[in-house]
Amino acid sequence: MKNFKDMTISDVLKENRSFVGESISRIKKIDEKINAFITVVENANGKIPIAIKDNIVTKGIRTTCASKILENFVPPYNATVVEKLIANDFAIVGKTNLDEFAMGTGTEYSAFFVTKNPWDHERVAGGSSGGSAAAVASGQVVAALGSDTGGSIRQPAAFCGVVGFKPTYGLVSRYGLVAFASSLDQIGPITKTTKDAAYLMNVIYGKDEKDATTVDRKINFEEYLESDFSNVKVAYPEEVFAEGVEEGVKERFEEFVKFLQRKGIKVDKVSFKELSYSVATYYIIAPSEVSSNLSRFDGIRYGKRDEQEGLLQTYLNSRKNLGKEVIRRIMIGTFTLSAAYYDAYFEKAQKVRRIISNKLNDLLKEYDFIITPTSPITAFKIGEVKDPLVYYMMDIFTIPANLAGIPAISIPFGFSNGLPVGMQIMGKRFDDAKVLGFANYIEKDIPVVLPGEEKI
């Protein structure tokens, strides 16, 4: 039998016994070095140990969103995805760290602590699902759930050298996910292999009467795992070689293209100049939705209350429990939704979102998949990035899939300066099973490499 740190969901299923004890032991042994978990559940029930991002509610288990304002919030109900996991023998062994309210790219904006990259403890694990990615990469759990609004599953998966999958918008219920930007958010798996991601998707997807944005669509996410994809057509935007993309990432991407071509796959370079507008578009739409969604955290309806004389002063003091990045995005969103600027910013951004979506959909009529690097850089050093705009540009390759609502996966493909590099595959809306199948087809020829004991 494999050492637990190397086990996948498939391995646990073959053994047909609970591995909660092994998971908890490993968390106790190494998590003080990684800081992946905010809360650990030592008495978890089930066979397959899984971690849940701490913005997905869990009955009787504290859900903080890595924010001081929700530091002691214990939900009275489970998210739909959590109910489905429990019904399928998964054990919730802990809640993982994130950027506060999922707003960030490095898990540096957690109100509690920074999660460290298992490959290099001086570097970030990515964000906002950094805790989930680090927990999987360090072998503390066999899988984790994250949420992805602009790349928050795929980017940390790339930084930590694991698989991260963002499903088609509407396939997985958001009921019980603390909302960031409701038209962009989607829950998805972070795993060691694509097969595990497909298995987990079969568990968590489905129409949910508690979430009106879910769709009734029958999909077997494991359907194409053994298929031959040598005859597919793949496109990549010429813009992936733009300024700001790390040299090592460019080199791995060029190798990735050649790797696909050696397998007989047709790979074409295409123009996607709309890509340059995706970050600006996202950072108008997402904060606007934040401005609305976070209004409930006022110390009265939700969150830690700082009682003062008068309602307004209570609101103001209670909201001092929010971090600077959350406040920054609320302010941006409130400004762009204001009567004087709504047409100039929010309405225009929605139109550009449609243009970007149309471009992606047009490309996907001609090609089966679009590929890019997941991130323009590898994991950066903790505290190294000070400029929010530099932070925001790290999402340039992942944001388009959220704007268009299409499926996208990040899979590990080599290293740059000893750090993992991820490659992203995007597919047509509802072609999730094909995206997973194609990723698995590629993965068969790439050895799964997780950091050894000495790295941790």
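Which side chains meet in a salt bridge at 3.0 Å, N to O? Select glutamate 42 and lysine 28: their side chains form that bridge. A salt bridge here is a side-chain nitrogen of Lys or Arg within 4 Å of a carboxyl oxygen of Asp or Glu.

Before moving on, some ground rules. This is a predicted model, where local features need pLDDT of at least 70 and side-chain atom pairs count only at pLDDT 80 or more, while totals for chains, interfaces and linings use all residues. Residues are numbered from 1 along each chain as its sequence is written, and side-chain values use heavy atoms, with hydrogens and water left out.

**Stop 1: the opening pair**

Stay on glutamate 42. It sits in the loop between β1 (37-40) and β2 (48-53). Lysine 28 belongs to helix α2 (residues 20-34). The pair links distant parts of the chain, 14 residues apart. Helices (H or I, at least four residues) and strands (E, at least two) are DSSP runs, numbered from the N terminus. Both glutamate 42 and lysine 28 are exposed. Exposed means over 50% relative accessible area, buried under 20%, and partly exposed in between (1.4 Å probe, protein chains only). The structure holds 22 salt bridges.

**Stop 2: a bridge from α6**

Next, select glutamate 226 and lysine 195. Their side chains meet in a salt bridge of 3.5 Å, N to O. Glutamate 226 lies in the loop between α6 and β9 (233-237) and lysine 195 in helix α6, so the bridge ties together parts 31 residues apart in sequence. Glutamate 226 counts as exposed because its relative accessibility is 57%. Lysine 195 is partly exposed, at 37%.

**Stop 3**

Go to helix α7 (residues 247-262). Pick arginine 252 and glutamate 255, which are three residues apart, about one turn of the helix. They form a salt bridge, with the closest N and O atoms 2.9 Å apart. Arginine 252 is buried, with a relative accessible area of 13%. Glutamate 255 is partly exposed, at 38%.

**Stop 4: two crossing helices**

Show helix α3 (residues 80-87) and helix α6 (residues 194-204). Their axes come within 8 Å and cross at roughly 110 degrees. Axes are lines fitted to C-alpha atoms, for helices over the stretch in contact, and angles run from 0 to 180 degrees between N-to-C directions. The two helices are therefore roughly perpendicular, a label for angles of 65 to 115 degrees. Which residues make the contact? On α3, select Val81, Lys84 and Leu85; on α6, select Leu200, Val203 and Ile204. Contact means heavy atoms within 4.5 Å. By class, there are five nonpolar residues, no polar ones and one charged residue.

**Stop 5**

Select threonine 96, in strand β3 (residues 90-96). Is threonine 96 buried or exposed? At 0% relative accessibility, threonine 96 counts as buried. Its side chain makes a polar contact with the side chain of serine 132, at 2.8 Å. A polar contact is a pair of N or O atoms within 3.5 Å; within protein, one must be able to donate a hydrogen and the other to accept it, and residues adjacent in sequence count only if both atoms are side-chain atoms. Not counting residues up to four places away in sequence, threonine 96 touches several residues, including Phe37, Ile52, Asp54 and Ala135.

**Stop 6: helix α4**

Finish on helix α4 (residues 130-137). Eight of its eight residues are buried, so α4 is largely enclosed by the rest of the structure. Ser132 and Val136 are among them. After α4 comes glycine 139, whose phi is positive, near 75 degrees.

Definitions and conventions. Angles under 35 degrees count as roughly parallel, over 145 as roughly antiparallel, 65 to 115 as roughly perpendicular and the rest as oblique. Ala, Val, Leu, Ile, Met, Phe, Trp, Tyr, Cys and Pro count as nonpolar, Asp, Glu, Lys and Arg as charged, and the others, Gly among them, as polar.
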